[in-house]
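The stops below go from one selection to the next.

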Amino acid sequence: MPVLEMKVTGMTCGHCVQSVTKAIQARDPHARVQVDLAEGLVSAETALDRLSAVQAIEAAGYKVLPCARD
Ligand SMILES: [Cu+2]
């Protein structure tokens with residue numbers, strides 16, 4: 001599956017990591033999500049398209065920054 005990389009603001013602790021991970025997995029149960037808290041970087045190996053993943057994260061209360069590589 002492709003890997004989406006997203007810069008996310010507002011994540012501060014392990015609970016936030018879980019929230020973001022569950023938000024993505026709610027839409028794609030097979031997604032593998034890795035979060036780098038220090039960098040605010042979310043890497044999701046998922047069948048979701050970027051828009052769906054971004055919407056999932058934002059619905060969980062976090063902000064996804066536009067990515068220069070898009
Ligand atoms: Cu937190």
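Select leucine 4 and alanine 44: in this predicted model, alanine 44 in β3 is the bridge partner of leucine 4.

Keep lysine 7 selected and look to β4. Leucine 65 in β4 is the bridge partner of lysine 7. The pairing of β1 with β4 is antiparallel too and has three bridges.

Go back to β3 and select β2 beside it. β2 and β3 run antiparallel and are joined by five bridges. Glutamine 34 is found opposite serine 43 in β3. Four residues lie between the strands of this hairpin, where glycine 40 has a positive phi near 65°.

In what order do the four strands lie? The order is β2-β3-β1-β4, in an open sheet with antiparallel pairing. The edges are β2 (32–36) and β4 (63–65); each has a single partner strand, so one side of each has no neighbour in the sheet. From one strand to the next, the twist averages 35°.

Next, select helix α1 (residues 14–27). Helix α1 packs on the sheet and touches β1, β2 and β3, with its direction at about 155° to that of β2. Then select helix α2 (residues 50–59), which lies across β1, β3 and β4 and runs at about 30° to β1.

With the helices still shown, turn on the side chains of the strands. In a regular strand, side chains alternate between the two faces of the sheet. On β1, the covered face has Leu4, Met6 and Val8, while Val3, Glu5, Lys7 and Thr9 are on the uncovered face. On β3, Val42 and Ala44 make up the covered face, and Leu41, Ser43 and Glu45 the uncovered one.

Which residues have the most contacts inside the largest nonpolar core? Select Met6, Val8, Val20, Ile24, Val42, Ala53 and Ile57, which hold that place in a core of 18 residues. Two or more residues of this core come from each of β1, α1, β2, β3 and α2. The largest share is that of α2, with four residues.

Centre the view on valine 20. Leaving out residues up to four places away in sequence, valine 20 touches Val8, Met11, Val33, Val35, Val42, Ile57, Ala60 and Tyr62.

Two helices and four strands are present, and along the sequence they follow the pattern β-α-β-β-α-β. The radius of gyration is 11 Å, close to the 11 Å that the globule rule gives for 70 residues, so the chain is as compact as a globular protein of that length. Along the principal axes, the C-alpha atoms fill a box of roughly 25 × 25 × 20 Å. Colour by burial: buried residues are 27% of the 70 in the chain.

Terms used:
Residues numbered from 1 in each chain as written. Predicted model: local features only at pLDDT ≥ 70, side-chain atom pairs only at ≥ 80, totals over all residues. Pairing = 2+ DSSP bridges. Axes fitted to C-alpha atoms, helices over the stretch in contact; angles between N-to-C directions. Contact = placed C-beta atoms within 7 Å. Buried ≥ 20, exposed ≤ 12 C-beta atoms within 10 Å, placed from the backbone. Core = buried A, V, L, I, M, F, W, Y, C linked by C-beta atoms within 7 Å. Rg over C-alpha atoms; globule rule 2.2 N^0.38 Å.
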